[in-house]
Amino acid sequence: MIIAVDGSAGSGKSTVAKLIASELDYLYIDTGAMYRAVTFTWLKIQELVPNFNFKDKLIPDKEIRRKILSEILGKHHEKALDLICQTISISFENSDSGIKTFINDIDVSDYIRSTLVTQNVSHVASYKEVRDYLVSEQRKIAEGTNIIMDGRDIGTVVFPNANLKIFLTASVEVRAKRRMQDLSNYGEETSFEEICAQLKRRDHLDSTREESPLTKAEDAVEIDTDGLSIVEVKDKILSFIN
Ligand code: CDP
């Protein structure tokens, strides 16, 4: 059984998908974390991420690192990103403090949630090379298992035949409030206005890109989550599954 959950930034996808996965004992995959991991590596190769000491472990081969950097300097980002995707290995692991994201064997869970990564991820996610690679990884992960996967293109591109497709929406104000809470959990303080502006910018980039834009699949069930608690959204989705 495959459950696809799509929606814009802050619509509550990952929180609700995690709850459903644990209630049904399904595998949960956060595809946004995969796009964030590629973005983090791309930024780190350019020395744009402070306070991270494992750069060489992300791409251990010095020659490949040099090649990626030279493609970036030549503004051939598609080639650089293609090389990054072919070289790194992204994986997830359950831990007491939640699901951790790894690049090779390095825990990058907190780094990939930084504002710098958030500001750059929609750009990186617009490249066909990145999307083709990650979509094929996502399909491999789902083989032969019950899974709930969240993202932007799960019901439209990754699993057009998913058993259930959910499309979550919420107003920008509600989403910004939720995002402010997430960020303060990571120790980052950003103003409400700034978060609203960032969300709108990302929504725009995600919905207007050429490759797999964020859009509701025709057969998806749309749930407006304004005014609904996470548990209410979860119960609604469970009622469709049942
Ligand atoms: O958690 P949040 O809503 O901030 O976003 P996310 O799920 O972590 O996704 C980060 C970004 O990755 C999105 O804004 C998209 O640009 C991209 N993404 C995508 O293009 N396709 C997906 N299936 C998942 C994420």
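Trainee: Into which class does S136 fall: buried, partly exposed or exposed?
Mentor: In this predicted model, S136 lies in helix 7, which covers residues 128-142; helices are DSSP runs of H or I of at least four residues and strands are runs of E of at least two, both numbered from the N terminus. The scale of relative accessible area calls a residue buried under 20%, exposed over 50% and partly exposed in between, with a 1.4 Å probe and protein chains only. S136 has a relative accessibility of 32%, and therefore counts as partly exposed.

Trainee: What is the mean pLDDT of the protein?
Mentor: Residues are numbered from 1 along each chain as its sequence is written, and side-chain values use heavy atoms, with hydrogens and water left out. As the model is predicted, local features need pLDDT of at least 70 and side-chain atom pairs count only at pLDDT 80 or more, whereas totals for chains, interfaces and linings use all residues. On this scale, the predictor's confidence in each residue from 0 to 100, 100% of the residues reach 70 or more. The mean for the protein is 94.

Trainee: In which helix is confidence lowest?
Mentor: Where pLDDT is low, the predicted coordinates should not be read in detail. The highest confidence is found in helix 8 (residues 154-158), at 98. The lowest, a mean of 82 over residues 55-58, belongs to helix 3.

Trainee: What is the radius of gyration of the protein?
Mentor: The protein contains 11 helices and eight strands. For its 242 residues the globule rule gives 18 Å; the rule is 2.2 Å times the number of residues to the power 0.38, and the radius is taken over C-alpha atoms. The protein's own value is close to that figure, so it is as compact as a globular protein of that length, with a radius of gyration of 18 Å.

Trainee: What share of the contacts between residues at least 6 apart in sequence joins residues at least 24 apart?
Mentor: A contact requires heavy atoms within 4.5 Å. Among the contacts between residues at least 6 apart, the share that joins residues at least 24 apart is 72%.

Trainee: How far apart are the C-alpha atoms of T31 and D150?
Mentor: T31 belongs to helix 2 and counts as buried because its relative accessibility is 2%. Leaving aside neighbours within four places in sequence, T31 is in contact with Q138, M149, D150, G151 and I154. T31 and D150 stand 119 residues apart along the chain, yet their C-alpha atoms are separated by 6.1 Å.

Trainee: What is the relative accessibility of T225?
Mentor: T225 is located in the loop between strand 8 (221-224) and helix 11 (230-241). Beyond its neighbours within four places in sequence, its contacts are S11, L168, T169, A170, R178 and V233. T225 counts as buried because its relative accessibility is 2%.

Trainee: Which residue lies 8.7 Å from N104, C-alpha to C-alpha?
Mentor: N104 sits in the loop between strand 4 (98-103) and strand 5 (106-107), and its relative accessible area of 23% makes it partly exposed. Residues up to four places away in sequence not counted, N104 touches K57, L58, P60, T87, I88, S89 and S91. At 45 residues from N104 in sequence and 8.7 Å in space, the residue in question is I59.

Trainee: What value does phi of S212 take?
Mentor: Most residues other than glycine have a negative phi. E47, in the loop between helix 2 (31-45) and helix 3, has a positive phi near 60°. S212, in the loop between helix 10 (192-208) and strand 8, is buried with a relative accessible area of 15%. Phi of S212 is also positive, near 40°.

Trainee: What distance separates the C-alpha atoms of S184 and T215?
Mentor: S184 is placed in helix 9 (residues 172-185). S184 counts as partly exposed because its relative accessibility is 31%. S184 and T215 are 31 residues apart along the chain, and their C-alpha atoms are separated by 29 Å.
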